[in-house]
Number of protein chains: 2
Amino acid sequence: MSKLTNREIHLVSRPDGLPVPANFAVVENKVNTEGEGVLIRNLYMSVDPAMRPALSNGQTRLDAVMGGGAIGRVMESTVEAYPVGSYVLHRCGFREYYRSDGKDLSLIKPQGESLTTHLHILGGTGLTAYGGLLVTGELKDGENVFVSAAAGAVGSVACQIAKIKNCRVAGSCGSDDKVAYLKNELGVDYAFNYKTSSISKELHIGLPDGIDVYFENVGGAHLDAACGQMRPLGRIPVCGMISAYNNKGARSEGVTTLSNMIYNRVTMKGFVVYEFNHMKDQFLKDMRTWMSEGRMKYSETIMEGIVEAPNALIGLLQGQNTGKMLVRLSDDV
Amino acid sequence: MSKLTNREIHLVSRPDGLPVPANFAVVENKVNTEGEGVLIRNLYMSVDPAMRPALSNGQTRLDAVMGGGAIGRVMESTVEAYPVGSYVLHRCGFREYYRSDGKDLSLIKPQGESLTTHLHILGGTGLTAYGGLLVTGELKDGENVFVSAAAGAVGSVACQIAKIKNCRVAGSCGSDDKVAYLKNELGVDYAFNYKTSSISKELHIGLPDGIDVYFENVGGAHLDAACGQMRPLGRIPVCGMISAYNNKGARSEGVTTLSNMIYNRVTMKGFVVYEFNHMKDQFLKDMRTWMSEGRMKYSETIMEGIVEAPNALIGLLQGQNTGKMLVRLSDDV
């Protein structure tokens, strides 16, 4: 039986603060090319903020291959649903080859769009923004919306959905280049660099009537500023709090403005993307329509090769990406 | 036309921090005994934490009589619905006499219970706990419930409703006497004095499986401890944040544990009692049943005379009350 050399990423120590390369190891092993099941050559993997808390809370095991969204091409298969040459989506990234029994795969059939979009705007990232804003956030046409980490993968979709729903949108990001991207590419009404300004003052300028929906990706100082400016019956769908993830216990900077939730009857609600799985068909239909109309754009930051996967995660946590952070795992794409 | 001497409380300067007696003045004026409408002798007035933010945010006007829940007896009346001798509830406390056109009054007909209960467990205070816990908090039988300011007017009702719903209940309060009251009188499962203990440690002991519903009255350090221990799909109905009210902008101590809301999909929601007005009949029916069964008890802290009204409010903000803080405005009750 012939064998292929596979490289994969293991977590070898839990990070204290921002992860460092030494927390990870590249491990080589062999994968059987023959046998029952589906042999997959991973092509791209997704890098997500939610991977960081998993490194500390025990969800990601030590000295074992890490997991995460990935797209691969089927090389060998005894499972009829996944013939050789087809593309599959699964949760076993951070490795070059993956052998599956087929139960954890789903088939991808691009309709003209790039394969990678299924790891972001047409995948879980997009569904997170779609469900978080429209379901958890109960977005209504014409409202005032603030999106933090607005140039990130989820944030940039949230901004564009809000614009499509005729909302006034303010977005925060961490560089002047991203400010320009938000304004010029995504059509955000007001964008600011939170590193060089007062979030609270910027929000007063960008959304002078206050905030109806704050799509929360950052936490800490962002939430402190936004919560104090929420309008009556405002909603805060909590997608993530990336500013907290490198801290012990994922503790954020202190939020001091929560009393505004009382008289303005504000709702803040944490959500996870699988709540919206039942909406996937409508989501894909809407997103493809918006893409074809030029109203849903995306950006990708792609790092090359499995060896770069830890750096991609570290870079994401430092805001080095615009749009989706991906790792290309094969030259053959 | 004969006239009566009325004394009333004016706000004369906005407090910086805890209010002081000099922020208030007792003002004397005359009230006509005859004429159209309803002349009311106020008997009791309610003192509520929500009065404090109103002193700073402009809702309470300077150099004008303050407002708040009160019960009075009708002395003169040209309005058929409110005959002489009947008892009425209205929002014009902080004065001894009140002349109304009748439109802002509601009739009280005690069914054996004391008149004052209509200012607390059978009034807005009780409805706040009832709606906040059962509607906003979506309380289910047998859940783990934490109530802060548990010996206060709203908190003590919330604790008892949760016990009636077969929940395990932990309550925080600010003195050892109140701890004893919660355990021995109200049947709370676990009570602690937050001033002499770690809220987080006490919650781990009192509710070792975590918190399903945190009925929030205090904010700041209480919320910081509780939010970190919320269980999946937990709810935090936000009734008040008394720890913040004396601070500029009602800012609380920093809350750093909000990231727990994400993966545990926790909902935090501010509410105001008028949301539950449509439930008043069911509320009164339930409360009277529970009172008759000995499962709904109350405590009152009563100060004597209109001149003491500012001190009652200041004392409330310092936690001097057990149960409802009231001011008796007439000797004739």
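B:Phe192 sits in strand β10 of chain B, which covers residues 190–193. In this predicted model, B:Phe192 has 23 C-beta neighbours inside 10 Å and so counts as buried, the cut-off being 20 or more. Leaving out neighbours within four places in sequence, the contacts of B:Phe192 are B:Ser172, B:Val179, B:Ser197, B:Glu202 and B:Gly206. B:Gly294 is another matter: 102 residues along the chain from B:Phe192, its C-alpha atom is 24 Å from that of B:Phe192.

B:Leu182 belongs to the largest nonpolar core, a set of 201 residues, and is one of the members that touch the most others. As a general matter, nonpolar side chains in soluble globular proteins tend to be buried together.

Next, the contact between the chains. Chain B and chain A each put 28 residues into it. On the chain B side, α7 (260–263) and β13 (267–270) each supply at least two residues, and β13(B) gives the most, with four. Sorted by class, that side of chain B has 14 nonpolar, 10 polar and four charged residues.

As for chain A as a whole, nine helices and 15 strands are found there. Its radius of gyration is 20 Å, close to the 20 Å from the globule rule for 333 residues, so chain A is as compact as a globular protein of that length. Along the principal axes, the C-alpha atoms of chain A fill a box of roughly 70 × 45 × 35 Å. Buried residues make up 51% of the 333 in chain A. Taking the contacts in chain A with a separation of 6 or more, 67% link residues 24 or more positions apart.

Helix packing comes next, starting with chain A. Helix α2 (residues 124–136) of chain A packs against helix α8 (residues 280–292) of chain A at an angle of about 100°, and the axes are 11 Å apart. That angle makes α2(A) and α8(A) roughly perpendicular, as angles from 65 to 115 degrees are classed that way. From α2(A) the contact takes A:Gly126, A:Leu127 and A:Tyr130, and from α8(A) it takes A:Lys280, A:Phe283 and A:Met287. Four of these residues are nonpolar, one is polar and one is charged.

In chain B, helices α2 (residues 124–136) and α8 (residues 280–292) also pack at about 100°, with 11 Å between their axes, and are therefore roughly perpendicular to each other. Here B:Gly126, B:Leu127 and B:Tyr130 of α2(B) meet B:Lys280, B:Phe283 and B:Met287 of α8(B). By class, this contact comes out at four nonpolar, one polar and one charged.

A:Phe94 is not a glycine, yet its phi is positive, at about 60°. A:Phe94 is in the loop between β5 (87–90) and β6 (97–100) of chain A and is buried, with 27 other C-beta atoms within 10 Å. B:Asn166, also a residue other than glycine, has a positive phi near 60°. B:Asn166 lies in the loop between α3 (153–164) and β9 (168–173) of chain B, and with 10 C-beta neighbours inside 10 Å, B:Asn166 counts as exposed.

Note on methods
Residues are numbered from 1 along each chain as its sequence is written. Chains are lettered from A and ligands numbered from 1 in the order in which they are written. This is a predicted model: local features need pLDDT of at least 70, side-chain atom pairs count only at pLDDT 80 or more; totals for chains, interfaces and linings use all residues. Axes are lines fitted to C-alpha atoms, for helices over the stretch in contact, and angles run from 0 to 180 degrees between N-to-C directions. Angles under 35 degrees count as roughly parallel, over 145 as roughly antiparallel, 65 to 115 as roughly perpendicular and the rest as oblique. Two residues are in contact if their C-beta atoms, placed from the backbone, lie within 7 Å. Ala, Val, Leu, Ile, Met, Phe, Trp, Tyr, Cys and Pro count as nonpolar, Asp, Glu, Lys and Arg as charged, and the others, Gly among them, as polar. The radius of gyration is taken over C-alpha atoms; the globule rule is 2.2 Å times the number of residues to the power 0.38. A residue is buried if 20 or more other C-beta atoms lie within 10 Å of its own, exposed if 12 or fewer, and partly exposed in between; C-beta atoms are placed from the backbone. A nonpolar core is a set of buried Ala, Val, Leu, Ile, Met, Phe, Trp, Tyr and Cys residues joined through C-beta atoms within 7 Å.
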